Structures are given as C-alpha cells and as structure tokens.
Amino acid sequence: HRAATTVPYEPAGMDSLILADRLRKYSTQGAADPAAPDGAPNNRNNSPLENKRILVLSSSPEPWIEALCLTLGGKTGVREIVRWSQAPIEIHHDRIHSITPEQAKDAMIERVQNNNNNNNNNILSEPFDVVIIFSTWQNPVWTEPTANPWTDILTVSRIKCLLDPQHGTMFLSVPTGSDLVDIHNHRVYGPSRYPLLAANMVQLDTQEHIHPSSSPQPTYVYQVHGENNEKKGGRMATGRN
C-alpha cells in the first residue's frame with residue numbers, strides 16, 4: 001500500500017476520462033459489454049445514462065460530474081441528477097436538483113414510514129440507478145458539526161439503501177493508501193477502512209485493477225450484494241485489489 005495521500009488533490013482531466021469509461025462499461029444493467037475489447041469503451045452503449053436517476057456526492061465545487069452525466073444521457077437525456085450537498089445550492093437546470101444531508105435524513109424517514117411507496121414529493125422515494133461518490137482528502141463529502149469517525153461509513157451505508165437492488169451501480173473514488181482518520185473528517189482508505197465502505201457490495205470492475213493504479217483516487221465499481229449480481233461476474237468486495 002502506498003503512503004497516505006495527504007497532499008491536495010483535485011479532479012483532473014484523467015479522472016473524468018476514467019469515470020466516463022467506467023460509466024460506459026458498467027452503468028447499463030451493471031455489467032460490461034462482453035463484446036467490447038478489453039480496456040475499450042462499450043461502443044454499443046454510448047448513452048449509458050439515458051433515462052437514469054443519478055445521485056452524486058462530490059467534494060468538487062465544480063459540477064464536472066453532473067456535466068459528464070448529462071453528456072452521457074443520450075438523445076432523451078438523464079431522467080434526474082440529485083446532488084448531495086452540505087448546504088443548499090442554486091441550480092439552473094430542470095433535471096438537476098440538490099439535497100442536503102439533513103433533508104436526506106428526513107426524506108429517508110418518510111420513505112420508511114410510507115413502506116418505500118413512491119411519492120413524487122419525496123426526492124428519495126424512488127431508487128437510483130447510479131450513485132457516484134468522489135471525495136478528496138482536503139474536501140471530504142462527509143462532514144458533520146461534530147467529528148465522528150464513522151460518518152463516512154454510515155453515509156455510504158445509507159446511500160446503498162437508495163440504489164436499485166436489481167441493477168443499481170455505485171462508482172466510488174476516495175483517497176487510498178494507509179488508513180488515516182483525522183478530527184476534520186479527512187480520510188484515507190487502506191486495508192482496514194476500505195472494506196467497511198464496500199461492505200455487502202459486489203465489485204464489477206476487477207479486470208480494470210489488475211495492475212496497481214498510479215492515481216491516488218482510483219475509481220471502483222460496485223453493486224449491492226446479491227445472487228443475480230454475482231452471476232454477472234462480480235465478486236464480493238473484501239477490499240481494494
């Protein structure tokens with residue numbers, strides 16, 4: 001394992017290219033096209049996010065992930081993008097909305113009370129097809145008024161419950177290296193903490209990580225653990241490759 005990534009890191013062009021490649025390969029039914037050459041984008045699926053509901057947790061102030069999702073939405077576009085934001089943000093796009101952690105908590109409680117029935121007034125009443133989490137060292141997406149070493153684990157566990165259980169896919173990019181937690185909610189994920197993030201998930205992109213990544217934030221692709229997903233060729237996530 002590399003040393004902890006404690007230097008400033010913000011998304012670069014390579015991050016968007018890697019994420020776009022993973023989205024093309026794994027967003028549709030949560031599996032890569034077997035006809036696509038190894039390492040090549042899925043040419044049959046150039047609109048992988050068409051009519052999909054997408055939840056984005058990003059520490060970047062720039063909406064580059066949302067822009068990427070709109071680009072991959074095809075002719076009819078994405079169905080909806082929800083940005084998980086620590087504070088309310090002003091958005092001028094009819095298919096992009098935001099929700100704060102406090103609003104998400106209330107929406108989840110309402111969803112449980114309504115036995116998961118769809119409610120058009122509840123932004124979390126329907127499952128998401130895709131969840132994208134991009135959290136950097138200096139700007140983690142999980143922050144609370146008081147330091148809590150389990151904030152990140154709890155947040156991701158709750159987010160998993162929002163994924164479509166049949167084909168929902170999570171794209172996870174966090175700082176990797178030696179395990180590290182500090183009082184300001186900064187995190188680095190290694191052999192102890194990364195498996196907690198990926199618990200009860202099936203990793204779909206094992207072939208993408210045969211060789212060690214040079215990025216301090218490699219992107220991994222997961223689905224909720226289940227018999228159907230294991231049959232697609234994924235393996236139970238026990239940690240990073």
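**Exercise 1. Sort the residues lining the largest cavity by class: how many are nonpolar, polar and charged?**

Start with the list. The lining of the largest cavity consists of D15, L19, W64, I132, I133, F134, F171, S173 and T219. A cavity here is a set of points on a 1 Å grid over the protein atoms alone where a 1.4 Å probe fits but cannot get out, and lining residues have an atom within 4 Å of a point.

Next, sort. Ala, Val, Leu, Ile, Met, Phe, Trp, Tyr, Cys and Pro go down as nonpolar, Asp, Glu, Lys and Arg as charged, and the others, Gly among them, as polar. That gives six nonpolar, two polar and one charged residues.

Now the elements. Those giving two or more residues to this lining are α1 (13-26), β4 (130-134) and β5 (169-173), and β4 gives the most, with three. Helices (H or I, at least four residues) and strands (E, at least two) are DSSP runs, numbered from the N terminus.

Finally, the volume: about 40 Å³, counting the space filled by probe spheres set on the points, which are joined across faces, edges and corners.

A word on the model: it is predicted, so local features need pLDDT of at least 70 and side-chain atom pairs count only at pLDDT 80 or more, while totals for chains, interfaces and linings use all residues. Residues are numbered from 1 along each chain as its sequence is written, and side-chain values use heavy atoms, with hydrogens and water left out.

**Exercise 2. Which salt bridges does D21 form with R22 and K25, and are these residues buried or exposed?**

First, the cut-off: a salt bridge puts a side-chain nitrogen of Lys or Arg within 4 Å of a carboxyl oxygen of Asp or Glu. D21 pairs with R22 at 3.3 Å between the closest N and O atoms, and with K25 at 3.8 Å.

Then look at the spacing. K25 and D21 sit four residues apart in helix α1, so about one helical turn separates them.

Last, check burial (buried is under 20% relative accessible area, exposed over 50%, partly exposed in between; 1.4 Å probe, protein chains only). D21 is buried at 13%, R22 at 9% and K25 at 6%.

**Exercise 3. Which parts of the chain does the R53 and E80 pair link?**

Begin with the contact: their side chains meet in a salt bridge at 2.8 Å, N to O. R53 lies in strand β1 (residues 53-58) and E80 in strand β2 (residues 80-84), 27 residues apart. R53 is buried at 3% relative accessibility, and E80 is buried too, at 13%.

Methods
On a 1 Å grid over the protein atoms alone, a cavity is a set of points where a 1.4 Å probe fits but cannot get out, and a pocket is an open set with protein on both sides within 12 Å along at least five of seven lines; lining residues have an atom within 4 Å of a point.
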